[in-house]
Amino acid sequence: MAQAKRRFRKDHWFFFTIPALVIYVWFMAFPLFNSMRMSFYQGTGLIPTQFVGLQNYVELFTNPLFRDRLLGALKNTCILFAICMGIQNTLGLLFANILAGRLKGRSVFRTIIFLPATMSVLVTGFLWKLILNPHWGAVNQILVRFGLKQFEGYPWLGKPETAMIMVGLVTAWQWVGIPTMIFLAGFQGISEDVLEAASIDGASALQIFWKVKLPLLTPVIGLVAVMTFVGNFNAFDIVFAMTNARGAPEYSTDIMGTLFYRIGIAGQHPVAQPNMGVGASIATVIFFILFLGVSMWMYLRERGSRVQ
Amino acid sequence: MRHRRTNLIHYLILLAWSLIVLFPVWTMLVNSLKKQLDIFRDPFVFPPSPNLAGYRYVLQDSDFLLYCWNTLFVVGLTIFVTLFIGSLASYALAFWKGKASKFLYLLFLSGIMIPIRLGTINIFQIVRSLGLMGSLYGLIPVYIAWGLPMAVFVLTTFIQELPRELIEVAEIDGASRMRIYSNIIVPLIRPALGTVAIINLINIWNDIWFPLIFNLKESHRTLMLGVTYFFGTYQTDWTKVLVVLTLATLPIILLYILMSKQFIKGLTAGAIKG
């Protein structure tokens, strides 16, 4: 009796976790699970009630109305990922390598590089939309001033060929500070002895970077890649601000986030009603893509650490 | 000699990028102080006589301040509750040894890796069934749930690293767990609480997804939702648009300049998911 009492005291640790647990499960863990369940249901009301098995997925993958949009959104999200990896993370690596040195004023540069990451994606998007404005925007004015007359009035966000690239570049502009800081921590973790030894052996700065620092940084590069991946498949705001939730022009900037929003919540042309069942199946597809990406990263990391 | 040249190249790279970062922010600031025609005539210089008409209009004749207040209300309440219940749970999870504790900890951590947006369909239904659709109050529990995984992760890690002796001495003195929490733990974890507060401040201040989904009624709009509407209505009036964008960003930028170290630390920690 006394022991049972001790096992569940009035101030048992469990009680301390209850408030957090209730809110977290009620508004996050349970809805995540329940949204997946809802991908097997259909209905005209706001809560789909009719069990339809895999029909939402069949619709999503075979009905041209959904399939074409899904494939388009997948492609565009991959373009976004490619731009972020190629430009944002490469620049981050470069900046981190510089900032890890003993440059004077590096804390000022660090503050500036990170600044856009504190800004709202919405504000960034609107701001760049103004700057990219074909007639009054600064980008075209500068290009014309430098003699590139062919860009006079060029609608960067109005052409399907360039719109997605612009969205990707602005995303890279905004977030470059995060990989910079993560890589910087990585560079600072490399022991001085290793670098010194390489330098005594006559390796140039470039050789040290490619042959010593980069291989040691592989796990960090993996981490940054997977973070970028998750971020891109979760993106929405930047497209909403710079073009619109329909991924204008001609769905060329439609990404997974906007597709999910349109079909699951806002309702898309020609049906102005949201299709929550299909929306939930899109969320589930995104979940599995993220799951696949993260698992692959964990597998590679595991294998990498075993080799070492 | 070679060293000096590399340094020069490094400076040039950093300066070029700083220019690319600061240029849009600079044009936003200076042009919000100009009349429309002056923006188009000379977009890059600071105006000789700043024109505050845009600011006067946005602050006096629009609901901008109301939206600001709405966001501050949501941010304040959310951060307060998140820190309170998050630190309580972390205190328990850091000291409680057992399978149940481990399970709960992992349950919270799984929320760091899965974006909450994927649960939107059901969150929408839950908030609707609570009758909170269109209301600011619907945002608060969702934002708390969103911030909790990160809060529990940061705070539990921090509490586990505290010197045990301090707590053991208090236990021997017969202090209750709640007393130890309020008198010892909370003062000691202040830096970590700051980190969590910054992550949440940025996430909530800048969020547009949930205000959009919850279709907030006009008097309940948050700042960023307001910015969206202003941008649509003022579209051709660049002064006003830029004033709105400046006012929506400046508080955070100023705070960031004041405490850039904490911001960088907090946001980088917040971004590393997994």
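**Entry 1: confidence**

I began with pLDDT, which is the predictor's confidence in each residue, from 0 to 100. My model is a predicted one, in which local features need pLDDT of at least 70, side-chain atom pairs count only at pLDDT 80 or more, and totals for chains, interfaces and linings use all residues. I number residues from 1 along each chain as its sequence is written, and chains are lettered from A and ligands numbered from 1 in the order in which they are written.

Where in chain B is confidence lowest, and where highest? I found the lowest mean, 82, in helix α2 (residues 36-41) of chain B, and the highest, 97, in helix α4 (residues 64-95) of chain B. A reminder to myself: where pLDDT is low, the predicted coordinates should not be read in detail. I also noted an ipTM of 0.92 and a pTM of 0.93 for the model.

**Entry 2: the two chains**

Next I looked up helices (H or I, at least four residues) and strands (E, at least two), which are DSSP runs numbered from the N terminus. Chain A has 15 helices and 2 strands. In chain B I found 14 helices and 0 strands.

I then checked the radius of gyration, taken over C-alpha atoms; the globule rule is 2.2 Å times the number of residues to the power 0.38. Chain A has 24 Å, whereas a compact globule of 308 residues would have a value near 19 Å. Along the principal axes, the C-alpha atoms of chain A fill a box of roughly 75 × 70 × 35 Å.

**Entry 3: where the chains meet**

I counted two residues as in contact if their C-beta atoms, placed from the backbone, lie within 7 Å.

**Entry 4: a helix pair across the chains**

Axes are lines fitted to C-alpha atoms, for helices over the stretch in contact, and angles run from 0 to 180 degrees between N-to-C directions. The axes of helix α2 (residues 13-38) of chain A and α4(B) come within 8 Å and cross at roughly 135 degrees. That makes α2(A) oblique to α4(B); angles under 35 degrees count as roughly parallel, over 145 as roughly antiparallel, 65 to 115 as roughly perpendicular and the rest as oblique. Among the residues I saw in this contact are Trp13(A) and Phe16(A) of α2(A), and Tyr91(B) and Phe95(B) of α4(B). By class, the contact has 13 nonpolar, 2 polar and no charged residues.

**Entry 5: a helix pair inside chain B**

Helix α7 (residues 136-160) and helix α10 (residues 190-206) of chain B pack at an angle of about 155 degrees, with their axes 10 Å apart. α7(B) and α10(B) are therefore roughly antiparallel to each other. Their contact includes Tyr143(B) and Phe158(B) of α7(B), and Ile199(B) and Asn203(B) of α10(B). I noted 10 nonpolar, 4 polar and no charged residues there.

**Entry 6: a loop in chain A**

Last, I looked at the loop between α13 (237-242) and α14 (256-266) of chain A, where Pro249(A) lies. A cis peptide bond joins Ala248(A) and Pro249(A), with omega about -10 degrees. Glu250(A) also lies in the loop between α13 and α14. Its phi is near 50 degrees, a positive value in a residue other than glycine.

Methods. Nonpolar A, V, L, I, M, F, W, Y, C, P; charged D, E, K, R; others polar.
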